[in-house]
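Dear colleague,

Please find the structure for your review below.

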Amino acid sequence: MWLARELVNAKKNSLIAACIQVAMIATFFLTARSLENQVHTAHITTVLGDKISLNCSANHLSEEITMIKWSRSTGTTSENILSYGSQGKLHRFLEDDRLTISSSDGTVLQIQPVNLMDEGNYTCEISALEGVFRDHFFLVIIVPPVVMVNVTILPNGLKKLKCIASKGKPAATIAWKENIVGNFTDILTDNDNGTVTVESQLITAINFTEEDQICFIKHPAFNEIQNHTISIGMNTAKTRLISQKLIYTLISCASAIALGMVVVMICIIKKRNAVPAIITENTQMINLPLPHSGRRKQLRMVKDPIYQNTSHMKRYQHSG
């Protein structure tokens, strides 16, 4: 009886010991997997056009590493980038000079300059004497937007102010100066390359004494919030009115000059087409008494409308 009881207790103790061992082994693997995910997973963010370096952080000496292979997955495409052997042998899978090894042991992958196509998951696979280790990176590319501002006068007597952050990634955030009276509208447009264009419109009444408006643009690519001033005060209105008056004045002057030239041309044409005067010779017989004689002398005079001087008169005398 006593022996049977001892056997039961021994079995219980061995079963308890086995359970403890299983629990310890499971805890070890779960902890190792958790630590591996925490240590070897990294999210890296960089700006379009910058240089980025991905560093394998495996704690192994260089002489213990036999080979390192880099690969990536961008969207639906998975591809090997390059491999680096312990003897310094480099093999390229991609013909892209922007992707290079920047360390003597091949643990650092450098991309310069980065573009939008580089965004995705990267894997560094290290083959060492202890086994195979992997580091995972998720590379995020941000694109600074191009900022533009303008103002338009609407036919109904209002002003439309636009603040545009074009082709940014992610989408920019636009805000206006506080205490502005008007209607706000934000329009987001997705571009084919993955960027977003944000256009914020403010429609407000024309007020020549109103201060210039300011829009604020926030984006991860900017070190601080940018502010852009839109001039809608009296200077803008005066400039536009002066420009209109100048245009009207130039048009009036050009019309007057053209009309004057037409009048001059008409006068010249009329003068050239005028009929020349016809010179006729009018002959008249005049009987004049001669002194101391009973005879009369006939004087023939030729009158020329051009020559009115009497010295050009021709006299012909005939005896009676």
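In this predicted model, the backbone oxygen of Pro113 lies 2.8 Å from a polar atom of the Arg98 side chain. Residues are numbered from 1 along each chain as its sequence is written, and side-chain values use heavy atoms, with hydrogens and water left out. As the model is predicted, local features need pLDDT of at least 70 and side-chain atom pairs count only at pLDDT 80 or more, while totals for chains, interfaces and linings use all residues.

Arg98 is found in the loop between strand E5 (90-92) and strand E6 (99-101); strands (E, at least two residues) are DSSP runs, numbered from the N terminus. With a relative accessible area of 18%, Arg98 is buried (buried means under 20% relative accessible area, exposed over 50%, partly exposed in between, with a 1.4 Å probe and protein chains only). The side chains of Arg98 and Asp96 are joined by a polar contact of 3.0 Å (a pair of N or O atoms within 3.5 Å; within protein, one must be able to donate a hydrogen and the other to accept it, and residues adjacent in sequence count only if both atoms are side-chain atoms). Leaving aside residues up to four places away in sequence, Arg98 touches residues including Gln110, Ile111, Val114 and Asp118 (contact means heavy atoms within 4.5 Å).

The structure holds 2 disulfides (pairs of cysteine sulfur atoms within 2.5 Å). One joins Cys56 to Cys124, with an S to S distance of 1.6 Å. Cys56 lies in the loop between strand E2 (52-55) and strand E3 (65-74) and Cys124 in strand E8 (residues 120-128), so this pair ties together parts that are 68 residues apart in sequence. Cys56 is buried at 5% relative accessibility, and Cys124 is buried at 0%.

The other disulfide joins Cys163 to Cys215 (S to S 2.1 Å). Because the torsion about its S-S bond is about 60°, this disulfide is right-handed. Cys163 lies in strand E11 and Cys215 in strand E15 (residues 213-218), so the pair ties together parts that are 52 residues apart in sequence. Both Cys163 and Cys215 are buried.

Strand E11 (residues 158-168) also pairs with strand E10 (residues 146-153) in the antiparallel sense, over 8 bridges (pairing requires at least two bridges found by DSSP). In this pairing, Ile153 stands opposite Lys159. The two strands form a hairpin with 4 residues between them, and Gly157 in the turn has a positive phi of about 85°.

Yours sincerely
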